[in-house]
Amino acid sequence: MADVIVKDLTKFRLKQKEELVETLSHISSISLLWCEKCFTAEELSDKDIAAFKEISDLSHLSISQDIRIPFLCNRIKTSSLLQETLSPETKRIAVASCGIGIQTISSLFPDLPIIALTDSIPQSLNATSLTAFHGITLAKLMCAGCGNCVLTKTAGICPVTACAKSLLHGPCGGAKNGMCEVSPERECAWEKIFSRLEKQKKKWEDSSTLHNFAAFSFSQHLVYRKENALRHEKPFYGGVHPPDEKKSTESSPLRHFSPPEKVILFLSQHAGMPAKPLVQRGDSVCIGEKIADADGLISLPLHTGISGTVRDISTEWHPILLQPMPAIIIENNGKNLFSDNYTRFPNWKDTDPDILLDHIRETGIAGLGGAMFPTNVKLSVKKARILIINGCECEPFLTGDTRLMIERSSELMEGCAIAAYLLGVKETVVAMEENSQEAFLSCSTAAQNFSEIRIEQFPTAYPQGAEKMLVQAVTDEKVPKGKIPPDIGIVILNAGTVIALRNAIIEGKPLIERTLTVSGPFFREKGNFIVTIGTPLNHIFHETKTDPSDIGKEWILKMGGPMMGTIVPHTRTAVIKGTTGLISQPFPAVKASETRDCIRCGRCVDVCPMKLLPLDYVAHAKREEWKACKEKDLLSCIECGCCNYICASKIDILSHIKKAKHHAYYASETRE
Amino acid sequence: MLITHLKPENELVPILSRKPLVVCCFGCAELFFPEEEILSFLSRYPDSYSGLIRCDYLCNREFCKEYLSQERIHTPSTVLIFSCGVGIQSAAEHLESIPVFAGCDTLMVNGFQGISITENQCHQCGECRLNETGGICPITACAKGLLNGPCGGAKNGKCEVDPAMECGWEKIWCRWKEQGKINLSPTSIAIRDYEKLSTGRTGSFSSRQINAVPKD
């Protein structure tokens, strides 16, 4: 879309001056609420504000508060915003909004008199239905929602909205030269219908059906409303339900790949400082040997998953940082020699937690859910109350954690007990989504021996697995703005991480392998695999009998899930500790673009689980207003991608947000 | 932003006999779209359509052109579209000489002006009365859209038109009581000005709206 963006698609306008002055002259003070309208520019028009100022001066009105809220009709957001801002002494609220916004406010504050300052503007052009709405995008086509669609018969031109008289059985006969007799500016809809029918070599068949005005009953309406309200509030605000695509892999048991010929072990595959190499070119190493050591408090050592010779320490293309990064490359000698100096703690209950934590650090365990945060740091949280095991695999396609919970539930429970011991918590919750009954049953059986562990299921929604959403679902507590769950005594570990933790303590095994879901229409073999960390992607393509040469031409390869994963343009990289899946997807018919214009439909606001304003960040980022982004709490964004998924204009909102985050927070910090 | 439901099966089956290309728009999927019903309907007639295209926001002309481009769909004889009325019209406009069939009925739901589907509706009457009626709209909350008080037909607070519906005027009256102002004096009796809905008044607005839509 060019820059013809819609300046005046206003849904309401100020009432007549005389009317407002008369209403307001009896009143001494009000709190003023403006809706920053939908389908219009993001700022209120100065004209409206000036006009209202004139009126308020005329009626000697004192305005105690002037609050502006975008999308006033969004009840949940508006109510939480007003709780913070509206002064408790408010006696009267004057609202400038469409009828829905005004009614929302009045239902939120039933005790306060409401003054409507505006009239809603009718948007239909037909007689049958007083209101007709656009679809979600701006189009000149309209739909009256009549409940008995006749477009099939009328070649796709709607007689209800396009004909001034909304005639269903043919033209009225009053049109002149193709123009309507009601308003000479509009074309006769029936003439258009007939000419298109002719093009399609069809004839108009009047089946003489009558318009059914009762096509949609009030009771049906109630059902829809209730469903919608549930969707909004449970288990968390917003979120989306993308097609889950898990069918093809959810019943495939975990399998091993054959050992790779070489591994590429990036020094940076955990949050924090990259590891420092301990080996040199030509050294020979065994399975499980430490080849790089942690550098600093938040950092982890690295172990090799194959035995062989260090071929090189050079730079390879990193799949998350998307640039060449240092890595140790080891060639397999095929001997499968194991390093035998594993330390085991079968009696962990009698061991000092600090010794165990040191051991966990030595085994290089990082969060396997994708964030790759060192697990020993997470487990050293003081004053933890609740431990949550995250088994909510909310990303489409991914099924690796679900398989782990099915096949290794007893190991998982043992791991939970170890983690609970280290943290000193009494309450452990294993959280999973309702879509994996098998995992629920398997875990419930395994948890029978552990009285402190309980298994909970939550409705399937994306991003249920995000930390803050999970905390809210499990404990009904909210993580305050700018805080992380450990600040309120809650520690969250991924299910795969807990099993790795158990293996490290009981078997002494360092983190050298992880689960990986290979799925998507372009893989010839799909499934859940146990893969050595550092396995080059070429090896995975070889094992799944898939030709990688069409990546980027015919289809896209994503590392991680389709919502939050990164696009990998070639196979010259390797699996790292945070690789949850390899997904192949077709190119979308319409690509998300950074340059398209926002129509302010507000769907992104509707789905943002953090209750932010993604559309505003786009507008600010385009104008490089980084400070405004900061004011609108951009840092709270968890980059879940719901806004990108839902955007009606297919704007690449996430890339705008990432850019704005960089400029608003990180770039300025380095300058100062 | 519209609500749709599937047309009755006996209307859809004759269309399938023409082996149409099926287009499903799941654009408003997070709202109300009968996705499961459509897929289960199609699975009952697996060989009766020539292809299935899943897309979103079919109503956007720019996207519609991409989804239904020549390379993607070649030239089907007929197209069956599951989407709201706007989506079907957009597709029909783009396909022109290829007949389109509507698979869904779009339901009349007033008041999707903003983003949320809320309990509240707005009839866009052009003369907002909410400041007289305690913030409860008599046009949408009353089945009869009465402006001058209750009709007297309500029983136990429920509407005589649809017993699932509460009487809007009883709600207004209760709200007035709460706010301590029962003021239905004869002067406040309103007569609805339907002229505010006329094309003369809205026409200019709508043409502005239409002009704002980008041209090809």
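Mentor: Happy to! Two strands pair if DSSP finds at least two bridges between them, and the elements themselves are DSSP runs numbered from the N terminus: helices (H or I) of at least four residues and strands (E) of at least two. This is a predicted model, so local features need pLDDT of at least 70 and side-chain atom pairs count only at pLDDT 80 or more, while totals for chains, interfaces and linings use all residues. Residues are numbered from 1 along each chain as its sequence is written, chains are lettered from A and ligands numbered from 1 in the order in which they are written, and side-chain values use heavy atoms, leaving out hydrogens and water.

Our part is in chain A, where four strands make an open sheet with parallel pairing and the order 3-2-4-5. Its edges are strand 3 (62-70) and strand 5 (114-116) of chain A, each of which pairs on one side only. On average, neighbouring strands of this sheet are turned by 25° against each other, direction ignored. Angles here are taken between axes fitted to C-alpha atoms, for helices over the stretch in contact, and run from 0 to 180 degrees between N-to-C directions.

Strand 2 (residues 29-36) and strand 4 (residues 93-96) of chain A run parallel and are joined by four bridges. To see one pairing for yourself, find W34(A): its bridge partner in strand 4 of chain A is A96(A).

Next, the helix on this sheet. Helix 4 of chain A lies across strand 2, strand 4 and strand 5 of chain A, contact meaning heavy atoms within 4.5 Å. The direction of helix 4 of chain A makes about 175° with strand 5 of chain A.

Helix 4 of chain A also has a helix partner. Two packed helices are described by the angle between their axes and the distance between the axes. For helix 3 (residues 75-85) and helix 4 (residues 99-108) of chain A, the axes come within 11 Å and cross at roughly 55°. That is why helix 3 and helix 4 of chain A are called oblique to each other; angles under 35 degrees count as roughly parallel, over 145 as roughly antiparallel, 65 to 115 as roughly perpendicular, and the rest as oblique.

Helix 3 of chain A brings R75(A), T78(A), S79(A) and L82(A) to the contact, and helix 4 of chain A brings T104(A), I105(A), S107(A) and L108(A). By class, the residues of this contact divide into three nonpolar, four polar and one charged. In that scheme Ala, Val, Leu, Ile, Met, Phe, Trp, Tyr, Cys and Pro are nonpolar, Asp, Glu, Lys and Arg are charged, and the others, Gly among them, are polar.

Stepping back, chain A has 21 helices and 23 strands. Its C-alpha trace spans about 95 × 70 × 55 Å along the principal axes. Of the 672 residues in chain A, 58% are buried, meaning under 20% relative accessible area with a 1.4 Å probe and protein chains only, while exposed is over 50% and partly exposed lies in between. Among contacts in chain A between residues at least 6 apart in sequence, 70% join residues at least 24 apart.

Chain B gives you another sheet to set beside ours. Chain B comes to eight helices and six strands, and from the N terminus on its elements run β-α-β-α-β-α-α-β-α-β-β-α-α-α. Four strands of chain B form an open sheet in the order 3-2-4-5, with parallel pairing. Strand 3 (51-55) and strand 5 (100-102) of chain B are the edge strands, pairing on one side only, and the twist from one strand to the next averages 20°. Here strand 2 (residues 21-25) and strand 4 (residues 79-82) of chain B pair in the parallel sense over four bridges, and V22(B) has L80(B) as its bridge partner in strand 4 of chain B. Helix 1 (residues 9-16) of chain B lies across strand 4 and strand 5 of chain B, at about 145° to strand 4 of chain B. Helix 5 (residues 85-95) of chain B also packs on the sheet, touching strand 4 and strand 5 of chain B, and its direction makes about 170° with that of strand 5 of chain B.
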